[in-house]
Amino acid sequence: MQTVKECLTGGVAASGACFFTNPLEVVKTRMQLQGELQSRGSYRVHYRNVFHAFYTIGKVDGVIALQKGLVPGVAFQFVMNGLRLGTFQVFSDLGWTKNKDGYSSPLRCAVFGAASGCIGAVIGSPAYMFKTQLQAQANSEIAVGHQHNIKSLSSTMKSIHSQHGVVGLWRGASAAIARVSIGSAVQLTTFSRSKDFILQNDFFLKDSIMVPFTASMLAGLFLVGAMTPFDVVSTRMYNQGVTSKGDGVLYNNLFDVFRKIYRREGIMGFYKGTGAHYFRIGPHTTLSLVFWQRLRLFVEGES
C-alpha cells in the first residue's frame, strides 16, 4: 500500500508540473530536430533561440500548438515519474540510499536513482514516443525532422500495433532508458545531497517549502549538463521514420545515433536546444520535486 501511495504521489506531482512546462518541451523538441544530420550552415534555421522559437511557433502554428503532445506528455510524466519517484522513495525508506550515519550516500543515490528511472522509462516509453512525434508536427513552413502527421492517438496506436506489433510501441525505448537513468541518477543524487546539506546547516526550517525548492534548483543545474546529449539522442530515435519492417530510417540503435550525430553535426549537435532544455528542466524539476515533497507531507498528515 505504501509503495502505491508513493508512486501515485510522484505521478501527480510530475503531471502537475507538465502543464506548466510542456510549451518549453515543444520548443526543445523542435530545436533538437532542427538540422538533423546536417552540418552547421547547410540548413535553414527556423528557430534561432528559445524566444524566437516561441514566437515562430505561435505565429505560424498558432498559440495552441505550444501545448502539442500535452496528453501523452502528462501520461508519460504520471507513469514514468510516478514509478521513478515512488520507487526511489521506497528505496530511501528502506535505508538503501543512506550511509551508516543516516545521510544520503551519493553512490547509493545514483545507483537506486538510475534503477528507479529505468523502471519508469521502460513502462512510459510509448507515451514519450507519441509526445515527441506530436510536438515535432508542424506547418510545412517551419517543419523540422520527420513528420508523422498524427490525426489521433488511438488510430495511430492501432496502426503501429497492426503493422509492427507490441514491439513497435516501444521503439526508441533504449534511448529513453539511457536518458532517464542518467537524468534520474544525477537529479535524485544532487537533490538528496543538497537537501541534506541545507538541513544540516539549518538554512531553513525542516518543513519549509524553501528546502525542496532550493535543493531542486541546484539539482536542475547538474541535470541539464548531464542529460542534454541523451535527451537529443532520445528525441531523434523516437521521431525518426520507420520502414515497413519497423526499422529506423536514419538510425539503427542508440550507438548509431551518437555516431552519426558526432560525424555530421559535431559535438555541438548533442547540445542543440540546451537553452530550451535548461528553461524547461529547471522549472519542471523544481515544480515536480516541490509538489512531490508537499504532497508527501499532506498524505502523511492525512494518514
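Okay, let's start with helix 5, which gives the most to the lining of the second largest pocket, eight residues. This is a predicted model, so heads up: local features need pLDDT of at least 70, side-chain atom pairs count only at pLDDT 80 or more, and totals for chains, interfaces and linings use all residues. Numbering runs from 1 along each chain as its sequence is written, and side-chain values use heavy atoms, with hydrogens and water left out.

A pocket, by the way, is an open set of points on a 1 Å grid where a 1.4 Å probe fits, with protein on both sides within 12 Å along at least five of seven lines; lining residues have an atom within 4 Å of a point. Helices are DSSP runs of H or I, at least four residues, numbered from the N terminus.

Back to that second pocket. There's about 490 Å³ of space in it, and 24 residues line it, with Ile-160, His-164, Gly-168, Arg-171 and Val-242 nearest the centre.

Now the largest pocket, at about 590 Å³. It has 26 lining residues, and nearest its centre are Lys-195, Asp-196, Leu-199, Gln-293 and Arg-296. Helices 3, 6, 7 and 9 each give two or more residues to that lining.

Last stop, helix 8. Which of its residues are buried (under 20% relative accessible area, 1.4 Å probe, protein chains only)? Leu-254, Asp-256, Val-257, Lys-260, Ile-261 and Glu-265. They cover an arc of only 155° around the axis, so they sit on the same side of helix 8. On the other side, Phe-255, Tyr-262 and Arg-263 are exposed, meaning over 50%. Helix 6 and helix 7 are among what covers the buried ones.

Technical notes
Grid points are joined across faces, edges and corners, and a volume is the space filled by probe spheres set on the points. The arc is that of the directions from the helix axis to the C-beta atoms. Contact means heavy atoms within 4.5 Å.
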